[in-house]
Amino acid sequence: MRNPGDMSDVGACVISIHVASESGGPTRELTTAELLPGRGIVSDRHFDRPDMQPEDELTLIESEEIEALNRATGLDLEPAESRRNVVTRGIRLNQLVGKEFRIGNIRLLGIELCEPCAHLAGLLAGQGRIAALTPTELLRHMAHRAGLRAQILNAGHLKPGDPIFAGQPAGR
């Protein structure tokens, strides 16, 4: 039997889950998250917004891209500081644009790349975290590597260690 914290024998999987109760506020890591279609992650700042769009329901980022950014820039950005909801390992998220995929039993649709924004660069600059870089340089390093925006297609729960299964183009 596999130890729940041991992900060594799992392919693509969830590493961690993060929410913030307000825009720009601190993130907190969840041990389990409830996802609802059209609403997002229960307890996240975007949950149940009246203007919620499918691309705002869930954001994901690859842990490998955070690690690459840290190596290239000398930063020590933690996964939660990426401001994405789900940190993954072992899957190229850019390849999921326009495709359905699954995390555990939750079906998702990759909507678009989640490009880096000036908001993230501003938060890190305000904390003195990117002193060696300008916000523009940080954004350039993260362009096309900052994750995926996804629509939640069915309700369910996810947790670290849940496997990720790549899917087919939407509509198939």
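Reader: Leaving aside neighbours within four places in sequence, which residues is Leu 69 in contact with?

Author: Contact means heavy atoms within 4.5 Å. Leu 69 is in contact with Gly 74, Leu 75, Leu 77, Leu 138, His 141 and Met 142, once its neighbours within four places in sequence are left aside. A bit of housekeeping: this is a predicted model, where local features need pLDDT of at least 70 and side-chain atom pairs count only at pLDDT 80 or more, while totals for chains, interfaces and linings use all residues. Residues are numbered from 1 along each chain as its sequence is written, and side-chain values use heavy atoms, with hydrogens and water left out.

Reader: How far apart are Leu 69 and Met 142 in sequence and in space?

Author: They're 73 residues apart in sequence, but 7.2 Å apart in space, C-alpha to C-alpha.

Reader: Is Leu 69 buried or exposed?

Author: Buried means under 20% relative accessible area, exposed over 50%, and partly exposed in between (1.4 Å probe, protein chains only). Leu 69 has 7%, so it is buried. Thr 73 is buried too, at 14%.

Reader: Where is Thr 73 found, and what does its side chain reach?

Author: Helices (H or I, at least four residues) and strands (E, at least two) are DSSP runs, numbered from the N terminus. Thr 73 is found in helix α1, and Leu 69 has its place in helix α1 as well. The side chain of Thr 73 reaches the backbone oxygen of Leu 69 at 2.7 Å. A polar atom of that Thr 73 side chain also lies 3.2 Å from the backbone nitrogen of Leu 75.

Reader: Which strands does helix α1 lie across?

Author: Helix α1 (residues 63-73) lies across β1, β5 and β6.

Reader: In what order do the strands form the sheet?

Author: Strands of a sheet pair through backbone hydrogen bonds, either parallel or antiparallel. Two strands count as paired if DSSP finds at least two bridges between them. Here 8 strands form an open sheet, ordered β2-β1-β6-β5-β9-β8-β7-β11, with mixed pairing. β2 (27-30) and β11 (164-165) each have a single partner strand, so one side of each is left without a neighbour in the sheet. Look at β5 and β6 (residues 86-89) too: they run parallel, joined by 3 bridges. Leu 60 stands opposite Val 86 in β6.

Reader: How many residues are in the largest nonpolar core?

Author: A nonpolar core is a set of buried Ala, Val, Leu, Ile, Met, Phe, Trp, Tyr and Cys residues joined through side-chain atoms within 4.5 Å. The largest has 23 residues, and Leu 60 and Phe 101 have the most contacts inside it. A second, separate core of 9 residues includes Leu 75, Val 87, Met 142 and Ala 146.

Notes: Axes are lines fitted to C-alpha atoms, for helices over the stretch in contact, and angles run from 0 to 180 degrees between N-to-C directions. A polar contact is a pair of N or O atoms within 3.5 Å; within protein, one must be able to donate a hydrogen and the other to accept it, and residues adjacent in sequence count only if both atoms are side-chain atoms.
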